[in-house]
Amino acid sequence: MKKHERIEINPEIMFGKPVIKGTRITVELILRKLAGGMSPEEILQDHPHLKLENIFDAQELAADYLGQEDIIFASGNQL
């Protein structure tokens with residue numbers, strides 16, 4: 001998987017969930033805010049120390065993670 005410079009995973013921070021480096025803001029929180037309809041600008045207003053690049057990197061990490069998953073069809077065949 002690609003190295004995401006703005007994301008860190010440390011078992012001692014937020015139980016090892018991926019966070020924006022130097023914060024306790026999880027990638028999950030950012031993705032949930034986006035999924036809930038918040039714009040990146042609204043997220044930046046809530047968290048003024050973040051940068052737009054942090055939001056994009058959170059999305060990219062999620063896409064890379066999902067891109068590595070195996071897909072298993074109901075028939076049991078795997079891609």
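**Exercise 1. What should the 16 residues of helix 3 span at 1.5 Å a residue, and how far apart are its end C-alpha atoms?**

Before you start, note that this is a predicted model.

*Solution.* 
- Step 1: Find helix 3, which covers residues 52–67.

**Exercise 2. Find the buried residues of helix 3, work out how they are arranged around its axis, and name what covers them.**

*Solution.* 
- Step 1: Use the cut-off: a residue is buried under 20% relative accessible area. In helix 3 this picks out Asn54, Ile55, Asp57, Ala58, Leu61 and Ala62.
- Step 2: Look down the axis of helix 3. The buried residues fall within an arc of 165°, so they line one face of the helix.
- Step 3: Recall a general point about spacing. An α-helix has 3.6 residues a turn, so residues three or four places apart point the same way.
- Step 4: See what lies over these buried residues. The cover includes strand 1 (7–8) and strand 2 (19–20), along with helix 1 (27–35) and helix 2 (40–46).

**Exercise 3. Which residues are linked with Glu28 in a network of salt bridges?**

*Solution.* 
- Step 1: Begin with Lys17. Its side chain meets that of Glu28 in a salt bridge, at 2.8 Å from N to O. This pair links distant parts of the chain: Lys17 sits in the loop between strand 1 and strand 2, while Glu28 is in helix 1, 11 residues apart.
- Step 2: Move on to Arg32. Glu28 also forms a salt bridge with Arg32, with 2.9 Å between the closest N and O atoms. These two are 4 residues apart in helix 1, so about one helical turn separates them.
- Step 3: Lys17, Glu28 and Arg32 form a network of salt bridges.
- Step 4: Check the surroundings. Glu28 is partly exposed at 32% relative accessible area, Lys17 is partly exposed at 38%, and Arg32 is exposed at 59%.

**Exercise 4. How many salt bridges does a search of the whole structure find? Describe the one between Asp46 and Lys33.**

*Solution.* 
- Step 1: Take the total, which is 3 salt bridges.
- Step 2: Turn to Asp46 and Lys33, whose side chains meet at 3.2 Å, N to O. Here too the pair links distant parts of the chain, with Asp46 in helix 2 and Lys33 in helix 1, 13 residues apart.
- Step 3: Look at accessibility. Asp46 is partly exposed, with a relative accessible area of 45%, whereas Lys33 is buried at 16%.

How values were computed
Residues are numbered from 1 along each chain as its sequence is written. This is a predicted model: local features need pLDDT of at least 70, side-chain atom pairs count only at pLDDT 80 or more; totals for chains, interfaces and linings use all residues. Side-chain values use heavy atoms; hydrogens and water are left out. The expected span of a helix is 1.5 Å times one less than its number of residues. Buried means under 20% relative accessible area, exposed over 50%, partly exposed in between (1.4 Å probe, protein chains only). The arc is that of the directions from the helix axis to the C-beta atoms. Contact means heavy atoms within 4.5 Å. A salt bridge is a side-chain nitrogen of Lys or Arg within 4 Å of a carboxyl oxygen of Asp or Glu.
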